[in-house]
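This briefing covers domain layout, nonpolar cores and the surroundings of the ligand. Please read it alongside the sequence and the coordinates shown below.

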Amino acid sequence: MLLSNLVINKDEPIYIQIKRYISNMILKGLIPNNSKLPSTRELSQVLNVSRNSVTLAYEELKADGLIYSVSGKGTFTKSNSSLNQSNWCINWEDKQNSYSKVANDMDIIKNEIPWENNLISFKSISPNGDMFDIDELKKSFLNRLSLEGHKLLNYGYAKGYKPLIEYLLEYMSKKGVDTYNKDILITNGFTEGLDIILSSFTSSGDYIICENPTHNTSIKIMKALGLKLIGIDINENGLDFDLLEVKLEKYKDKIKFAYITPSYHNPTGTVMSPENRYKFYNLMKNNNIPIIEDGFNEELLYSSSHIFPICSLDNLSNGIIYIGSFSKILFPGMRIGWILADKNAISKLESVKRCRNIHVSFLDQGILYDYLQNGAFEKYIKKVRKFYGDKFNFAYKCVEKYIPNEYIFGDGGLHLFLKLKNIDTRELLNKCYEKGVIFMPGDIFYINNEVNNTLRLGFSRLSFEEIEKGIKIIGETIKELPIKD
Ligand SMILES: Cc1ncc(COP(=O)(O)O)c(C=O)c1O
């Protein structure tokens, strides 16, 4: 007990010493407000003094307003010390490093119009939670926990839960990837995967090639790490290979990595053709630039047959780091993704993962593994492909019907990307917001926010009625806006 440190001297009345000791502690903030004090009997025993002395000290402290009693409950501190109330003011603005500044400046959750009740919001590209197989997941939870028990609740391995790693290796080989000499690290979604790779293999000031526009979170991570982004335009014909070759020539040996999302790219939704996948792979290989392939949306193909990931071209080589995630179809809240790469690269990343947060929750990995391997996943994929495919086609038709545009991008996924004719989409957004509709302005996906006539429409969580109503409102609002030169 804190009060037992009081050493009683013989020169002063005992109650004064007790009072002074307790009041000092309260005034210095060493006993928090409303803390319970020992009863007079307890304290007299601890200090080996008479109970009367303690009672007297408590009476005086009460008179000074430093303590109060509640009948049947005890005596408590009432701190009104000037020290507790004085301001200690750190300027956290000044303390921020460049990583934090970029992360804050580019935080779209803080900086963009938030979702509100009654808004038709095309902002999100999260999966629709109503589609989740909650009953199947409950079964997997109970099954895995009864099979593995405490093992899932104790510390595990940084690389991940072994059965899940093996499942994913097999899953990747079904996509045509030769997994010989490759390994997997389970990560906290794609986002941690990219962050770990870049912070392990690049240094501030390094150059990185990426599509322009691209995933806003990836731009944020790359910029926060101080990387210099070389953007390669995506236009109506896909990636601008002419520009890519010019940039390769210009920056050549300085380029550390190329980051690319070949399937259902975010935000444009485009799918790179097999020919272009070969072309891109060979260009990078010939220039000795390792590729970080973002495979996040591959499962969401609606019409075409499966297109192989670029890393399936890298058989027997080790130049591609593939990042996978089920976030657009299954439980993004579980935050489980994976990195497939050369064994040696994974070994390096494994130590970085351990250093940062030890590993992804084994309970979550165990449940997800159970769900994936018991057949529920295949059934679910068929169901969501149909569900999102219908919405995609419907949204596409509504855009064609209602929104005057220069180009509609999108071969699949959970969104469409539009290029408008001479319309500032920030201005459009503000006007639409007044009419109860919001969307993602396209500038956030450009590496320097340089393009202001594009927008992304995410439709996964909206009903058909909302999709039509919202798109119609956007179209009508466009017609009210001044045309920019
Ligand atoms: C391009 C891209 N990659 C990956 C992801 C998935 O990220 P995570 O697995 O961290 O949720 C997203 C999500 O929006 C994305 O747009």
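A nonpolar core is here a set of buried Ala, Val, Leu, Ile, Met, Phe, Trp, Tyr and Cys residues joined through C-beta atoms within 7 Å. The model under discussion is a predicted one. By this criterion, its largest nonpolar core comprises 102 residues.

**Domain layout**
- The domain assignment divides the protein into domain 1 (2-85), domain 2 (108-129 + 382-480) and domain 3 (132-378).
- Taken over C-alpha atoms, the centres of domain 1 and domain 3 are separated by 61 Å.

**Nonpolar cores**
- Within the largest nonpolar core, the residues with the most contacts are Ile186, Ile208, Ile321, Ile339, Leu340 and Ala395.
- Helix α16 (residues 376-402) gives the most to this core, contributing seven residues.
- Domain 2 (108-129 + 382-480) and domain 3 (132-378) each supply at least three residues to this core.
- Another core, of 14 residues, lies apart from the largest one and includes Ile18, Leu47, Tyr58 and Leu61.
- In general terms, nonpolar side chains tend to be buried together in soluble globular proteins.

**Contacts of Leu340**
- When neighbours within four places in sequence are left aside, Leu340 is in contact with Met172, Val177, Lys182, Ile184, Cys311, Tyr322 and Gly324.

**Surroundings of the ligand**
- The ligand has 13 residues around it, of which Gly189, Thr191, Phe296, Ser325 and Ser327 come nearest.
- Helix α10 (residues 189-201) gives the most to this shell, with three residues.
- By class, the shell around the ligand consists of four nonpolar, eight polar and one charged residue.

Conventions. Residues are numbered from 1 along each chain as its sequence is written. This is a predicted model: local features need pLDDT of at least 70, side-chain atom pairs count only at pLDDT 80 or more; totals for chains, interfaces and linings use all residues. A residue is buried if 20 or more other C-beta atoms lie within 10 Å of its own, exposed if 12 or fewer, and partly exposed in between; C-beta atoms are placed from the backbone. Helices (H or I, at least four residues) and strands (E, at least two) are DSSP runs, numbered from the N terminus. Domain bounds come from an automatic or database domain assignment. Two residues are in contact if their C-beta atoms, placed from the backbone, lie within 7 Å. A residue is near a molecule or strand if its C-beta atom, placed from the backbone, lies within 6 Å of it. Ala, Val, Leu, Ile, Met, Phe, Trp, Tyr, Cys and Pro count as nonpolar, Asp, Glu, Lys and Arg as charged, and the others, Gly among them, as polar.
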